[in-house]
Amino acid sequence: MDLLKQPLSPPDAKRLILKALATGDVRFTTHALEEMAKDGIAQHEAITVLRGGVVEPGEFINTTWRYRVRARRAVVVTAFRSESTAVVVTAWRTR
């Protein structure tokens, strides 16, 4: 899969997220960690959302394709640095 062909379809984005989770290459930006702390979301919960949540179509924001992953109680937004590296950009608790 060529990442230059973004936006990825939600199933392709999900495959890359699961690949990054399998290799342990999921990173968190400082902004994501700050926002997660505000809403009481631990890193392990964000990982659970990425693993089991539903990926929405990509959004092009600040020169990067970003993908929202929704679970029942939280949203985690991720971007890809490579085919095996996912970066959590932000996250929040749904009300």
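In which segment does Pro7 lie? Pro7 is placed in the segment before helix H1 (10-23), where helices (H or I, at least four residues) and strands (E, at least two) are DSSP runs, numbered from the N terminus. The peptide bond that leads from Gln6 to Pro7 is cis, with omega near 10 degrees.

The structure described here is a predicted model, in which local features need pLDDT of at least 70 and side-chain atom pairs count only at pLDDT 80 or more, whereas totals for chains, interfaces and linings use all residues. Residues are numbered from 1 along each chain as its sequence is written, and side-chain values use heavy atoms, with hydrogens and water left out.

Strand pairing was examined next, with two strands taken to pair if DSSP finds at least two bridges between them. Strand S2 (residues 54-55) is joined by two bridges to strand S4 (residues 64-70), and these strands run antiparallel; within this pairing, Val54 has Arg70 in S4 as its bridge partner. Strand S3 (residues 59-61) is likewise antiparallel to S4, with three bridges between them, and here Ile61 stands opposite Thr64. On S4 there are also four bridges to strand S5 (residues 74-82), again in an antiparallel arrangement, and Arg68 has Val77 in S5 as its bridge partner. The hairpin that joins S4 to S5 passes through three residues, while the hairpin of S3 and S4 has two residues between the strands.

The loop between S3 and S4 contains Asn62 and Thr63. Asn62 has a positive phi of about 50 degrees although it is not a glycine, and Thr63, also not a glycine, has a positive phi of about 70 degrees. With buried meaning under 20% relative accessible area, exposed over 50% and partly exposed in between (1.4 Å probe, protein chains only), Asn62 counts as exposed at 60% relative accessibility, and Thr63 counts as exposed at 70%.

Aromatic rings were then considered. A pair of aromatic rings is described by the distance of the centres and the angle of the planes. Rings of Phe, Tyr and Trp (its six-membered ring) pair if their centres lie within 6.5 Å, and planes under 30 degrees apart count as stacked, over 60 as edge-to-face and the rest as tilted. The count by this rule comes to two aromatic pairs. The ring centres of Phe60 and Trp65 are 5.2 Å apart and their planes stand at 55 degrees, so this pair is tilted; Trp65 is partly exposed, with a relative accessible area of 23%. Tyr67 and Phe80 also form a tilted pair, with 5.7 Å from centre to centre and 50 degrees between the planes. Because Tyr67 lies in strand S4 and Phe80 in strand S5, the pair ties together parts that are 13 residues apart in sequence, and both Tyr67 and Phe80 are buried.

Two further residues were examined through their contacts, where contact means heavy atoms within 4.5 Å. Pro57, which is located in the loop between S2 and S3, counts as exposed at 58% relative accessibility. When residues up to four places away in sequence are not counted, Pro57 touches Pro10 and Tyr67. Glu45 lies in helix H3 (residues 43-52) and, at 18% relative accessibility, counts as buried. Leaving aside neighbours within four places in sequence, Glu45 is in contact with Gly40, Arg73, Ala74 and Arg93.
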